[in-house]
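Here is a briefing on aromatic contacts and core packing. Please keep the sequence and the structure in view while reading.

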Amino acid sequence: MAQRKMIVFPTKNELSEAMAEYTAKLSAKFIKEKGLFTVVLSGGDLIDWLCKLVQPPYIDSIEWSKWHVFWVDERVCAWEDPDSNYKLAMDGFLSKVPIPDKNIYAIDKHSAADGNAEHCAALYEDCLKNLVKEKIIPISKKTGYPEFDLQLLGMGPDGHMASLFPNHPQINEKQKWVTHITDSPKPPPKRITFTLPVINSALYNLMAICDKAPAKSVAEIMKHNNFSLPSAHLSAQVENVWYLDQAAASEL
């Protein structure tokens, strides 16, 4: 498993630039090597920080038609609900780049609108299993779980990542690829999330953290490896890199 690397940027804008460059380089690498690129998004501010990808030079140089897009977690609500990570990504990023609709793997529309978190998680796992059969997602030879090329993650002030929260059992799930939560401490309460073994089977994991609110949790992880915080468990097959702005790194 890859050691945690940390890079601190003077400003959020420079972090955003670096994230675009990192993503574009990996996109080019994997498309050259295997003809496609699997990328996993999260919610929160991450989509704002991806804004550089829809500007030159990236907008014109990336082979968007070869991208396959997933979500590391999702809120169980209608696609058009303001809480939806799908809507957030669509409005801020995906609607501005020519990725084929069939390559965007959202939560099941009907089950999400119905609010059935357990069923949504099962359907999303079925979706991943079908894509393994179709040779879109490989199974990691090292871990036995699906292996995504790049995940772009964020961390909450409480140290959560995806919808794996402190003092909740989902972090310990090893059988499932996708699990659900109905009592999220952060609203909305119903969500689905990749499990930790799937998250850590990605080849590259980039954790982007900005602002002062998560600084204490950043310090707990970087200085003390405090494993009561889910984000402390993040690893990757090739590279596990943390991008921080000055505010997020202020307690280090």
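This is a predicted model: local features need pLDDT of at least 70, side-chain atom pairs count only at pLDDT 80 or more; totals for chains, interfaces and linings use all residues.

A search of the whole structure finds 15 aromatic pairs. The largest nonpolar core has 86 residues.

**Aromatic pairs at phenylalanine 194**

- Tyrosine 124 and phenylalanine 194 form a tilted pair, with 6.3 Å centre to centre and 35° between the planes.
- Tyrosine 124 belongs to helix H6 (residues 117-133), and phenylalanine 194 belongs to strand S7 (residues 191-194). The pair links distant parts of the chain, 70 residues apart.
- Tyrosine 124 and phenylalanine 194 are both buried.
- Phenylalanine 148 also pairs with phenylalanine 194: the ring centres are 5.4 Å apart and the planes lie at 20°, so this pair is stacked.
- Phenylalanine 148 sits in the loop between H6 and strand S5 (150-154), while phenylalanine 194 is in strand S7, so the pair ties together parts 46 residues apart in sequence.
- Phenylalanine 148 is buried, as is phenylalanine 194.

**Aromatic cluster and charges over rings**

- One aromatic cluster is formed by Phe9, Tyr22, Phe30, Phe37, Trp64, Trp67, Phe93, Tyr204 and Tyr243.
- Phenylalanine 30, a member of that cluster, has lysine 29 over its face, at 5.2 Å from the ring centre.
- Lysine 129 places its charged end over the ring of tryptophan 177, 5.2 Å from the centre.

**Nonpolar core**

- In soluble globular proteins, nonpolar side chains tend to be buried together.
- Within the largest nonpolar core, the residues with the most contacts are Trp67, Trp71, Phe93 and Phe194.
- Helix H1 (residues 12-34) gives the most to this core, contributing nine residues.
- Phenylalanine 93 touches Leu41, Ile47, Leu50, Leu53, Val54, Trp64 and Trp67, leaving aside residues up to four places away in sequence.

**Helix H8**

- Buried residues in helix H8 (residues 215-224) include Ala215, Ser217, Val218, Ala219 and Ile221.
- Their cover includes strand S1 (4-9), strand S8 (204-209) and strand S9 (239-245).
- Just after H8, asparagine 225 takes a positive phi of about 45°.

Conventions. Residues are numbered from 1 along each chain as its sequence is written. Side-chain values use heavy atoms; hydrogens and water are left out. Rings of Phe, Tyr and Trp (its six-membered ring) pair if their centres lie within 6.5 Å; planes under 30 degrees apart count as stacked, over 60 as edge-to-face and the rest as tilted. Helices (H or I, at least four residues) and strands (E, at least two) are DSSP runs, numbered from the N terminus. Buried means under 20% relative accessible area, exposed over 50%, partly exposed in between (1.4 Å probe, protein chains only). A charge sits over a ring if NZ of Lys or CZ of Arg is within 6 Å of the ring centre and within 35 degrees of the ring normal. A nonpolar core is a set of buried Ala, Val, Leu, Ile, Met, Phe, Trp, Tyr and Cys residues joined through side-chain atoms within 4.5 Å. Contact means heavy atoms within 4.5 Å.
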